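Please keep the sequence and the structure open while reading.

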Amino acid sequence: MTFDLGLTAEYLTDEQTLEGTTAERKNLQTIVSLFVAGHIADPRFLTFNASIERALSRQEFTDEPDTDVLETYYDGGFRLFSNRPVSFEFGAGRSRTDIDGVAQGALVDGVREYQQYALRARGKNWFKLGLRHREQSFTADDPSTLRDEETARSELRTSVAGGIANITLQLLWRENDLYDGLLQQEIGSGRFDLDLNRSGRVYWHTDVIGNKYRSARESEEFSPWTDNILVRNFLRHNYSGQGFWELAADYQIVSFDTEEATTGTYSARVVAPLSPSLLFEGGGGFLDSELADGSGFTQPTVGVGLRWGQNFGGWWLALNPRVSYIQVKPSDGETESSLGSFVSGTVRRNFQRGSVAVDGEYFNNQLSIPDYGSDDAYRGSSFLSGLERERRRGRFLADYRPSRRVGFSLEADYRYRVRLDRGEEVTEDLARGRLTARLGRFALSATANRVDVLGGDLPTVTNIRQVNLSWTPWYWMVLDALAQEEEREVFNVAGTYSLAEAGIRINYARFSFYTRYREQWVEETGVERRRFRRIWVGVRRTFGFRIGEMTR
């Protein structure tokens, strides 16, 4: 049986200036903990553990009384027959919070308790079963705080594998009684998976995913159940080394009270080799959706393309052109359609100590959307809302490793996208760069991002720059620093968020020490609105000893 005694002390100070007013908070926390673990006769027969922890925090606030918070934790559990086909686990815990002074946030006087049980069964390599149940409650000393709550969670996981079949089943049930009974929830979810001949030439997969939810507020009755069921089927046949065809069919039902909405999606895809370096790919699909009010739409799609890739010495070249067509026909409206083209390419070269790669893509839609007029703006392109009209992307990657402890990498990425948002075009422009370097015990990472969004409900311009630096002079000591600046402009109002942080951590044997400094400030149109400063200092020391094995 082993014992571990831990002593921890942490000092934290905050200082915040908001609109010229400064407030300060200081917090000194001391923690004493004891952990015990052991076994009887054989650790595969019975193992147990227990712990107790007592934490005292003293908080000082500007223009407010000092506050003392005393927290006590008890925890324990055991595991029985871990070497048998059937094993059992039990755990329980209790914590008590006492506040002398002003309560902060959601922390109030009270008792929190939990119990959990687990049962596991296995049958060599073909069967596994797991059952787990956990109950947790919190009772406040003052019921008027509305912090009382009770939660319960039950879970079942099982799997069966034999021959070409693999079956898994997961079920979850949760009950929540929150805010002293003001909100009650019942939530259930489940998933069933069936795989046939997973590693064979012909592969079949079916999964069924479902969830249900209902709630009640105060003393009212529970609302009707909201149910969501999704069934997905997938068949694939690998008829050659690179050639295959696949079929997929999905069906979803969402119901609430007497209302129900259904969606069916059906698709087919084929990839056929034309030569060792050239593949043909084609496919189509059909979506049929019916909403709760009886309206709906159908959406057929079709697409064809080529995939080509070839090695030239140490260079790899790849090209993938594709065209597609989509049509959406509402049950009570005009047809919307789109013809799109797509092409992507890659150039890559590997060297002995590094590599370099460039890839890009271009996508374009020629949209045909009825004009519904300004009186029905939300209906125009409603089914194609979010569909991209144009997309461009380019990326550059390079890395160089002259030795095992020295390396450099560079990544640059540019993306441009035009999409539809309720009939209006929205342009998104993103540029990103990242540089990483490692020189022995030093590591550096620098990142820059710029995002421009034009049009839509929220046009913005955002610039983010960040630098991380770390140094490990010895295996037991790490020093790191972080600097970040974010500039954002929304509706011609510009603001800046800045962050600077540095720290040191020492972990040597059973002793650990850390200190950290952070400063944040926010400016709006050149005027400082908020400044926040925090300092952490902490130390921990553990003592361990062992008593000989227990006997029955």
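Entry 1, ground rules. I worked with a predicted model, in which local features need pLDDT of at least 70 and side-chain atom pairs count only at pLDDT 80 or more, while totals for chains, interfaces and linings use all residues. Residues are numbered from 1 along each chain as its sequence is written, and side-chain values use heavy atoms, with hydrogens and water left out.

I searched the whole structure and found 44 salt bridges (a side-chain nitrogen of Lys or Arg within 4 Å of a carboxyl oxygen of Asp or Glu).

I looked up Asp-14 and Arg-25, whose side chains form a salt bridge at 2.7 Å, N to O. Asp-14 belongs to strand S1 (residues 2-18) and Arg-25 to strand S2 (residues 21-39), so the pair ties together parts eleven residues apart in sequence. Strands here are DSSP runs (E, at least two residues), numbered from the N terminus. Asp-14 is buried at 7% relative accessibility, whereas Arg-25 is partly exposed at 25% (buried means under 20% relative accessible area, exposed over 50%, partly exposed in between, with a 1.4 Å probe and protein chains only).

I found Glu-501 and Arg-518 in a salt bridge, with the closest N and O atoms 2.8 Å apart. Glu-501 lies in strand S26 (residues 493-508) and Arg-518 in strand S27 (residues 511-524), so this pair links parts that are 17 residues apart in sequence. Glu-501 counts as buried at 10%; Arg-518 is partly exposed at 23%.

Definitions and conventions: Helix = DSSP H or I, 4+ residues; strand = E, 2+ residues; numbered from the N terminus.
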